[in-house]
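Have the viewer open while you read.

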Amino acid sequence: MLKVLRLSSVLKRISLFQTANTLQFSIKKHSTMASTSSEDSLSGLIKFLEIVGNLKHIKRAGWVLRDVPNCETVAGHMYRMSIMTFLLDGREGLDRTKCLEMALVHDLAESLVGDITPYCGISKEDKKKKELEAMQEIANLIEPRGKHLMELFLEYEENQTAESKFVKDLDRLDMVLQAFEYEKRDECPKKHQEFFDSTEGKFNHPLVIGLVEQIKAQRDAVGDTEKQLSTS
């Protein structure tokens with residue numbers, strides 16, 4: 001049984017990277033055709049939109065590798081992160097528009113390279129290189145607008161500004177909330193504990209810390225209820 005599970009995990013990883021490679025080949029085939037004509041410029045914008053559309057179909061690899069059925073896509077993850085920026089009320093001193101835009105851009109490279117996780121056998125350095133190259137290709141399609149995309153992406157990756165730190169908090173917040181939702185939906189309390197463990201002590205913004213504590217309290221309550229039902 002263990003060998004079967006390991007084989008299943010390997011096959012899933014291969015499938016994820018085959019999808020990513022197919023997407024990357026597609027963009028390379030089109031992005032190398034440079035032209036200054038108005039028609040070709042519009043064609044580049046359409047290609048950009050098609051690439052963004054890939055994210056509506058790319059499943060988040062962390063859930064796929066753990067056999068979570070009907071799991072979210074990268075676009076779904078980025079959408080809720082963006083909606084989370086509306087929870088800011090202006091007293092935090094953060095640029096909400098920048099936070100919203102950064103949330104929409106931070107995983108955009110995955111439209112070409114796929115969702116690369118620590119379990120995919122790729123080093124952090126190679127992951128950063130692949131994603132940077134993908135973002136450059138994407139940004140080139142909509143120049144001069146692409147410069148803003150790259151600035152947002154690089155700011156998030158460098159994680160030095162207040163906005164980038166907040167958006168990183170949102171990234172982790174959405175992950176633990178999603179884990180809790182799957183536990184409730186699939187009636188498997190505490191099954192996804194590893195996602196909570198991996199984010200422990202990494203949240204910074206007071207609003208996000210409060211939300212995470214509330215999620216944990218609700219999660220504990222669900223677990224206690226399940227225990228009571230199982231022993232009654």
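This is a predicted model: local features need pLDDT of at least 70, side-chain atom pairs count only at pLDDT 80 or more; totals for chains, interfaces and linings use all residues.

Helices here are DSSP runs of H or I with at least four residues, numbered from the N terminus.

**The overall picture**

Of its 232 residues, 41% are buried. Among contacts with a separation of 6 or more, 68% link residues 24 or more positions apart. The chain exposes about 13,400 Å², and carbon and sulfur atoms supply 56% of that area.

In soluble globular proteins, nonpolar side chains tend to be buried together. The largest nonpolar core in this model has 50 residues, and the members touching the most others are Trp 63, Met 135 and Leu 173. Helix α9 (residues 162–185) gives the most to this core, with 9 residues.

Met 135 is worth a click. Leaving aside neighbours within four places in sequence, Met 135 is in contact with Val 105, Leu 108, Ala 109, Leu 149, Met 150 and Phe 153.

**Two crossing helices**

Two packed helices are described by the angle between their axes and the distance between the axes. For α5 and helix α8 (residues 146–158), the axes come within 9 Å and cross at roughly 90 degrees. An angle of 65 to 115 degrees counts as roughly perpendicular, so that is what α5 is to α8. On the α5 side, the contact is made by Lys 98, Glu 101, Met 102 and Val 105. The α8 side brings His 148, Leu 149, Leu 152, Phe 153, Glu 155 and Tyr 156.

**Neighbours in a loop**

Is Thr 85 buried or exposed? Buried means under 20% relative accessible area, so Thr 85, at 0%, counts as buried. Phe 86, at 47% relative accessibility, counts as partly exposed.

A polar atom of the Thr 85 side chain lies 2.6 Å from the backbone oxygen of Ser 82. Beyond four places in sequence, Thr 85 touches Arg 96, Cys 99, Leu 100 and Leu 170. With the same exclusion, Phe 86 touches Arg 96 and Leu 100. Phe 86 and Cys 99 are 13 residues apart along the chain, and their C-alpha atoms are separated by 9.5 Å.

Most residues other than glycine have a negative phi, and most peptide bonds are trans. Which residues have a positive phi although they are not glycines? Asn 70 and Glu 187 do, as the table shows.

| Residue | Phi | Relative accessibility |
|---|---|---|
| Asn 70 | about 50 degrees | 69%, exposed |
| Glu 187 | about 50 degrees | 65%, exposed |

Glu 187 is found in the loop between α9 and α10 (193–197). There is a cis peptide bond too: it joins Glu 143 and Pro 144, with omega about 5 degrees. Pro 144 lies in the loop between α7 (124–140) and α8.

Methods
Residues are numbered from 1 along each chain as its sequence is written. Side-chain values use heavy atoms; hydrogens and water are left out. Buried means under 20% relative accessible area, exposed over 50%, partly exposed in between (1.4 Å probe, protein chains only). Contact means heavy atoms within 4.5 Å. Accessible areas come from the Shrake-Rupley method with a 1.4 Å probe; for residues, only the protein chains shown count as cover. A polar contact is a pair of N or O atoms within 3.5 Å; within protein, one must be able to donate a hydrogen and the other to accept it, and residues adjacent in sequence count only if both atoms are side-chain atoms. A nonpolar core is a set of buried Ala, Val, Leu, Ile, Met, Phe, Trp, Tyr and Cys residues joined through side-chain atoms within 4.5 Å. Helices (H or I, at least four residues) and strands (E, at least two) are DSSP runs, numbered from the N terminus. Axes are lines fitted to C-alpha atoms, for helices over the stretch in contact, and angles run from 0 to 180 degrees between N-to-C directions. Angles under 35 degrees count as roughly parallel, over 145 as roughly antiparallel, 65 to 115 as roughly perpendicular and the rest as oblique.
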